[in-house]
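Please keep the sequence and the structure in view while reading.

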Amino acid sequence: MTNATAAAPMRAPMTTPSTVSRRRVPTAILVVYALLLALVLGLGSTYRAINGNPPFGSLRLGPWQAWPKLGSPEADPYMRAILAHRSDVPLATGEGLGFVAAQDSEGRPLNSACTYSLGTTAPIARLWTVTLYDGEGRLPATELGRRSFTSAEVLRDSQDRFTMTLSRSLQPGNWLQLPANGPFMISLRLYDPPGAAGANLEESDFPAIQRLGCGS
């Protein structure tokens with residue numbers, strides 16, 4: 001045997017169709033995984049967006065939050081999708097402005113296990129209403145069947161101030177019964193307020209939401 005024969009170059013392994021197929025499988029799996037992940041994230045973000053509050057254009061004054069453009073032609077696609085999903089009809093720009101509170105004046109989430117006071121002032125408007133909703137945005141079932149007060153029927157003191165008590169148990173005066181359990185929300189609707197919607201409003205104009213105590 002000669003040295004030339006010993007030094008002969010080695011041949012590269014042959015690539016067969018089955019080898020190529022095995023190399024392509026991981027790439028195909030990654031593509032399918034990426035598509036499924038994008039689909040899940042897209043559907044999840046869409047579901048969360050239309051089941052929450054509009055992400056843009058909010059006005060916050062203390063615990064109260066509103067979206068002045070919600071009922072106007074300038075409402076963005078997120079607002080329109082949320083309204084369509086809720087089958088809700090907001091106040092038009094010329095009619096008034098609606099606020100919602102899901103936390104008290106200290107920033108703590110509202111909970112039916114607690115008792116709250118709401119007062120003592122409200123923004124100037126031809127008429128305003130305070131309405132309770134449960135955590136799902138539905139009107140709660142109550143023993144008296146009352147879920148709201150209007151500015152025309154709420155009891156006031158000699159200085160035209162009012163205080164509402166929000167509690168599961170019976171309370172004297174302006175009492176709104178809370179849902180049996182879980183979180184809740186308070187809606188404050190201002191009908192025909194002076195000036196442009198939200199333009200002249202201050203936090204001090206709104207009723208404070210004070211937690212008085214919590215039961216079991």
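## Asn174 and its surroundings

In this predicted model, the side chain of Asn174 comes to 3.2 Å from the backbone oxygen of Thr163. Asn174 lies in strand E8, which covers residues 174-177, and with a relative accessible area of 5% it counts as buried, because that value is under 20%.

Leaving aside residues up to four places away in sequence, Asn174 touches Phe149, Val154, Leu155, Thr163, Met164 and Thr165.

## Strand E4 and its partners

Strand E4 (residues 114-120) is largely enclosed by the rest of the structure, because six of its seven residues are buried. E4 pairs with strand E7 (residues 162-167) in the antiparallel sense over five bridges, and with strand E10 (residues 208-214), likewise antiparallel, over six bridges. In the pairing with E10, Cys114 has Cys214 as its bridge partner.

## The six-stranded open sheet

Six strands, in the order E1-E2-E3-E9-E5-E6, form an open sheet with antiparallel pairing. Its edge strands are E1 (59-61) and E6 (148-150), each of which pairs on one side only, and the twist from one strand to the next averages 20 degrees.

Key: Residues numbered from 1 in each chain as written. Predicted model: local features only at pLDDT ≥ 70, side-chain atom pairs only at ≥ 80, totals over all residues. Heavy atoms only, no water. Helix = DSSP H or I, 4+ residues; strand = E, 2+ residues; numbered from the N terminus. Buried < 20%, exposed > 50% of the residue type's maximum accessible area, 1.4 Å probe, protein only. Polar contact = N/O pair within 3.5 Å; in protein donor to acceptor, adjacent residues only side chain to side chain. Contact = heavy atoms within 4.5 Å. Pairing = 2+ DSSP bridges. Axes fitted to C-alpha atoms, helices over the stretch in contact; angles between N-to-C directions.
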